[in-house]
Amino acid sequence: MTLNETAREILADGKGILAADESTGTITKRLEAVGVESTEDTRRRFRDLLFTTKDVENSLGGVILYDETVRQDALDGTGMVDLLRRRGIVPGIKVDGGAKDLAGFPGEKVTEGLDGLRERFAEYAGLGLRFAKWRSVISVSGDLPTATAVELNAAGQARYAALAQEAGLVPIVEPESIMDGDHGIVRSAEVTEEVLAATVEALRRQRVALEGVLVKTNMVVSGYAGSDQAGPEEVADRTLEVLHRTIPAAVPGIVFLSGGQDDAQANANLDAIARRGPQPWIVSFSYARALQGRPMSVWAGAEENVASAQDAFAERLRLTGAANRGEWTADAERAGS
Ligand code: 5MM
């Protein structure tokens with residue numbers, strides 16, 4: 001199977017990707033926020049709960065895993081990777097080593113993790129993983145990002161993507177422009193465009209085959225601390241404008257992260273984008289928080305809550321799937337929450 005075929009398989013029939021690849025530090029924060037101690041076992045139980053939810057394969061074509069999960073067994077004794085494969089879900093792996101402070105550039109980050117990556121990819125390919133993910137983090141303000149941060153992160157994405165393709169895995173290239181500031185949507189569009197353009201240019205220079213790449217990006221939204229919040233119609237227009245300007249049609253698919261938007265907002269925006277009709281690429285979702293937040297709080301670590309947490313996860317998938325087809329409504333979201 002070619003990389004392009006794998007990418008299309010993941011996003012076939014309106015399916016999207018679950019990002020269940022939180023590093024131990026990140027999932028620990030999320031578990032502790034709902035009163036659950038983070039241990040290897042609680043992390044395994046929560047991810048088992050997600051992956052064994054009924055009919056999950058109808059909405060998810062791929063799941064991004066963290067290294068720890070790849071080496072764990074589900075509660076029925078099946079390896080987590082095999083469990084997903086048996087359900088017809090393509091297993092993937094986050095391979096970046098996290099975004100670290102960029103020396104000399106206060107407030108900016110650079111993603112680490114290239115050392116030894118060729119060898120790690122060889123192992124992951126042997127373990128049955130078929131796609132990968134690398135996230136870079138771009139700070140946004142009136143002055144940031146600097147050209148240096150944009151270029152270094154783009155170069156990292158390109159080197160990672162080339163190694164992924166060499167090993168036969170589809171790289172998800174995820175340059176996230178962070179929307180935490182008080183900037184308006186125009187600034188958000190400007191930075192997202194600069195970052196995506198630089199990333200695609202770096203991929204070309206690194207001889208990465210665009211046909212075998214998936215792009216994961218933020219939606220173009222107003223900075224969360226801003227007084228003026230753009231609605232879904234403007235988000236859809238500006239997001240698609242930026243994507244049309246930067247992402248070649250050779251790229252098979254673009255998936256959106258939820259980025260800390262609340263569940264309903266992420267889906268309202270995804271729905272508005274989907275309602276714009278067919279695009280040169282498949283457009284879909286790759287959410288972590290907007291799919292997992294609700295089931296995690298329903299679960300709260302208690303065995304007796306597993307069934308209701310799975311219902312909550314199925315409901316999040318149903319609503320996000322509807323948004324991905326342009327069939328979402330605020331009423332359905334309210335009824336489901
Ligand atoms: C931006 O984060 C990605 C998408 O998640 P959201 O939908 O919540 O925005 C997500 O895949 C993220 O990269 C992982 O959760 C891993 O995070 P860390 O920081 O632990 O590598």
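The largest pocket is lined by 28 residues. Glu-22, Thr-26, Arg-30, Lys-94 and Arg-135 lie nearest its centre. The model is a predicted one. In this model the largest pocket holds about 620 Å³ of space. Its lining comprises 13 charged, eight polar and seven nonpolar residues. Several elements each supply at least two residues of this lining: helix H2 (24-33), strand E4 (99-101), strands E6 and E7, and strand E10 (282-287). Helix H2 gives the most, with four residues.

The ligand sits in the largest pocket. Two elements give two or more residues to the shell around the ligand, namely strand E6 (131-138) and strand E7 (170-177). Both strands also supply at least two residues each to the lining of the largest pocket. In total, 17 residues surround the ligand. The closest are Ser-23, Thr-26, Lys-133, Ser-258 and Arg-289. Of these, Thr-26 is also listed among the residues nearest the centre of the largest pocket. By class, the shell around the ligand has nine charged, four polar and four nonpolar residues.

Lys-94 brings a polar side-chain atom to 2.7 Å from an oxygen atom of the ligand. Lys-94 is also one of the residues nearest the centre of the largest pocket. Lys-216 contributes a side-chain N or O atom that is 3.4 Å from a ligand oxygen atom. Ala-288 takes part through its backbone, with a polar atom 2.8 Å from an oxygen atom of the ligand. Taken alone, the ligand exposes 510 Å². The protein buries 92% of that area.

The second largest pocket has a volume of about 210 Å³. Its lining consists of 14 residues. Nearest its centre lie Ala-274, Gly-277, Ile-282, Val-283 and Asn-324. By class, this lining has nine nonpolar, four polar and one charged residues. Helix H10 (263-274) and strand E10 each supply at least two of the lining residues. The largest share, three residues, comes from H10. Strand E10 also supplies at least two residues to the lining of the largest pocket.

About 50 Å³ of space lies in the largest cavity. Its lining is made up of Glu-176, Ser-177, Met-179, Asn-218, Met-219, Val-221, Tyr-224, Leu-257, Ser-258, Gly-259 and Gln-261. These residues divide into five nonpolar, five polar and one charged. Ser-258 lines this cavity, and Ser-258 is also among the residues closest to the ligand.

Most residues other than glycine have a negative phi, and most peptide bonds are trans. Asp-13 has a positive phi of about 55 degrees, although it is not a glycine. Asp-13 lies in the loop between helix H1 (3-10) and strand E1 (16-19). The peptide bond from Leu-144 to Pro-145 is cis, with omega near 10 degrees. Pro-145 is found in the loop that runs between strand E6 and helix H7 (147-166). Strand E6 also gives two or more residues to the shell around the ligand.

Terms used
Residues numbered from 1 in each chain as written. Predicted model: local features only at pLDDT ≥ 70, side-chain atom pairs only at ≥ 80, totals over all residues. Heavy atoms only, no water. Near = heavy atom within 4 Å. Polar contact = N/O pair within 3.5 Å; in protein donor to acceptor, adjacent residues only side chain to side chain. Areas by Shrake-Rupley, 256 points an atom, 1.4 Å probe, with all protein chains shown as cover. 1 Å grid on protein atoms, 1.4 Å probe; cavity = no way out; pocket = protein on both sides within 12 Å on 5 of 7 lines; lining within 4 Å. Sits in = over half its atoms within 2 Å of the grid points. Nonpolar A, V, L, I, M, F, W, Y, C, P; charged D, E, K, R; others polar. Points joined across faces, edges and corners; volume = space filled by probe spheres on them.
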